Amino acid sequence: MGADLHDIRYVRIGCDDLDTRVRFPTDILGLELMERDASTAYLRGDDRDHNICYTKGRESGQATGWEIATMTQLNQAAADLEAWGVGVRAGTSEECDRRRVRGLIVARDPSGNVMDIVARPAACGRRYFPSRDAGITHFSHVGLHTVDARADEAFWVDNMGAKVSDWIGDAALIRINEIHHNVALFPSTRAGIQHVNFQVETQDDIMRSFYFLQQNNVKIVFGPGRHPTSGARFLYFQGPDDIIYEYSCGVRSITADDEKTYVPRSFPFEPSSFCMWGARPDIPEFDTTRG
């Protein structure tokens, strides 16, 4: 049961200075600027139309975009969510145009995180051309702040048709397809996007970016390291708007055959559950000393 989401599609991030924000994903992240106007900038790291959309004005807020396979399924998801007591509204034609999709409904999780559920999102017909060679292969997942971890986890599992892959303490790592996690819910004092992940091709790409980021005075907040949950090698670094960005590679897939026997694991909330190599995070939501 649930909305039967297919994949993550994009993040939308409100910012005060669009010119400054565009420099970070192009100069640092290695994304391609697809289009921009006075109020919006679209950037990508794969064959989707865009992965990040910056919108002018911090008050425009943050949202994550999630793809559903067909317009029929989108309409059914809207009806099901309303029947389950989840507030949902249809997107306007202008909102659909801005998001580069044919169909859109908007909902919120119990913490207040905004979710765009979309059908028939635009794809790009030409190959991704990076602004710097960070080795990016695709946009992969997001971390979200949650003020009620159990309620948000139940929302994803019961209403979005997702599955828990593993827990670290109360933080649920959740999948909507074969990838170990497409969204991670981190207990916090507020809602919003906690981190944005791009997969890169190899561990060498991670290490090259490790030195590149240091040379460009970008704060490394975790890694290089390896997650014992997903098996991914990773590097986290600080971006604008209080959002952390992550490169990773080698993330585990849970196939249809695996599903027959897979049981989510519960890792203790301690440093070794975040990194098996011994890296220590400088990230509040990963701080195992709090409380």
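Two strands count as paired if DSSP finds at least two bridges between them. Strands are DSSP runs of E, at least two residues long, and helices are runs of H or I, at least four, all numbered from the N terminus. By that count, Lys163 stands opposite Arg175 in β11. Five bridges join β10, residues 163-168, to β11, residues 171-175, and the two run antiparallel.

Some housekeeping. This is a predicted model, where local features need pLDDT of at least 70, side-chain atom pairs count only at pLDDT 80 or more, and totals for chains, interfaces and linings use all residues. Residues are numbered from 1 along each chain as its sequence is written, and side-chain values use heavy atoms, with hydrogens and water left out.

Now the sheet. It is open and mixed, with nine strands in the order β14-β15-β16-β13-β9-β12-β11-β10-β17. β14 (220-226) and β17 (265-267) are at the edges with a single partner strand each, so one side of each has no neighbour in the sheet.

Next, the helices. Helix α4, residues 149-159, lies across β9, β10, β11 and β12, at about 165° to β12. Helix α5, residues 203-215, lies across β13, β14, β15 and β16, at about 20° to β15. Contact here means heavy atoms within 4.5 Å; axes are lines fitted to C-alpha atoms, for helices over the stretch in contact, with angles from 0 to 180 degrees between N-to-C directions.

Last, the backbone. Most peptide bonds are trans. The one from Gly223 to Pro224 is cis, with omega near 5°, and Pro224 lies in β14. Asp241, in the loop between β15 and β16, has a positive phi of about 65°.
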